[in-house]
Amino acid sequence: MNLIVAVDENWAIGRGGDQLVYISADLKRFKALTTGHPVILGRKTLATFPGGRPLKNRRNLILSATPGYTVEGAEIYPDLNSLLASAPEDAFVIGGESVYRALLDKCDTAYVTKILSSFPADRYFPDLDAHPDWAVAEQSEVLEEDGISFQYVTYRKN
Ligand SMILES: NC(=O)c1ccc[n+]([C@@H]2O[C@H](COP(=O)([O-])OP(=O)(O)OC[C@H]3O[C@@H](n4cnc5c(N)ncnc54)[C@H](OP(=O)(O)O)[C@@H]3O)[C@@H](O)[C@H]2O)c1
């Protein structure tokens with residue numbers, strides 16, 4: 001499986017139930033990479049989407065153990081085993097922290113947007129630069145939007 005995440009310099013990914021910052025070029029890239037592939041996410045990340053609705057043109061596999069929780073247009077899985085039994089190899093793990101941590105070992109490619117600033121945060125992704133199993137495979141030049149510098153870095157599992 002793949003994962004896709006936007007991190008700041010401290011590998012922070014969220015605060016107060018939302019993203020740290022929205023970069024429109026990065027959102028377009030996220031759409032281009034994930035469209036046509038299943039996406040795997042936690043209930044709290046789904047709640048950050050407009051109207052709390054699933055992403056279009058993708059199977060949305062949501063992890064939630066909340067009894068009776070349903071979402072039109074999404075598949076709900078109450079635990080990792082049932083999710084993994086239904087998740088194809090081309091799926092993208094799209095967050096949040098709890099889901100990234102639970103499924104990192106099942107992924108072999110990580111599409112990381114590195115935001116070259118730091119923000120107050122309460123959710124983090126594991127530092128892949130310090131992780132013995134992961135190495136940088138590709139990286140873009142440094143890009144900029146609205147004064148925010150960022151870079152696309154692809155990691156592969158060794
Ligand atoms: N920067 C990025 O790229 C990025 C991407 C995505 C999200 N985020 C940020 O990450 C934050 C959300 O992360 P989070 O960790 O708080 O929430 P989350 O992972 O999105 O969702 C957590 C919920 O998912 C369900 N869940 C997770 N693991 C489960 C398991 N093994 N079995 C059953 N259900 C499971 C539970 O739902 P129930 O409580 O219903 O059981 C849990 O409360 C937000 O700030 C968001 O903006 C950032």
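The structure is a predicted model, in which local features need pLDDT of at least 70, side-chain atom pairs count only at pLDDT 80 or more, and totals for chains, interfaces and linings use all residues. Residues are numbered from 1 along each chain as its sequence is written.

The protein contains four helices and twelve strands, where helices (H or I, at least four residues) and strands (E, at least two) are DSSP runs numbered from the N terminus. Its radius of gyration, taken over C-alpha atoms, is 15 Å. This is close to the 15 Å that the globule rule (2.2 Å times the number of residues to the power 0.38) gives for 158 residues, so the protein is as compact as a globular protein of that length. Along the principal axes, the C-alpha atoms fill a box of roughly 45 × 35 × 30 Å. Of the 158 residues, 30% are buried; a residue is buried if 20 or more other C-beta atoms, placed from the backbone, lie within 10 Å of its own, exposed if 12 or fewer, and partly exposed in between.

E1 pairs in the parallel sense with strand E8 (residues 109-115) over six bridges, pairing being assigned if DSSP finds at least two bridges between two strands. In E8, Thr 113 stands opposite Ala 6. E1 also pairs in the parallel sense with strand E7 (residues 92-93), over two bridges, and there Val 93 is the bridge partner of Leu 3.

Lys 44 lies in helix H2 (residues 43-46). This residue counts as partly exposed because it has 17 C-beta neighbours inside 10 Å. Lys 44 touches Gly 17 and Gly 96, leaving aside residues up to four places away in sequence; contact requires C-beta atoms, placed from the backbone, to lie within 7 Å.

The ligand is surrounded by 28 residues, and the closest are Gly 14, Gly 42, Thr 45, Gly 95 and Gly 96. Helix H4 (97-103) is among the elements that give two or more residues to this shell, and H4 provides the largest share, four residues.

Key
Contact = placed C-beta atoms within 7 Å. Near = placed C-beta within 6 Å.
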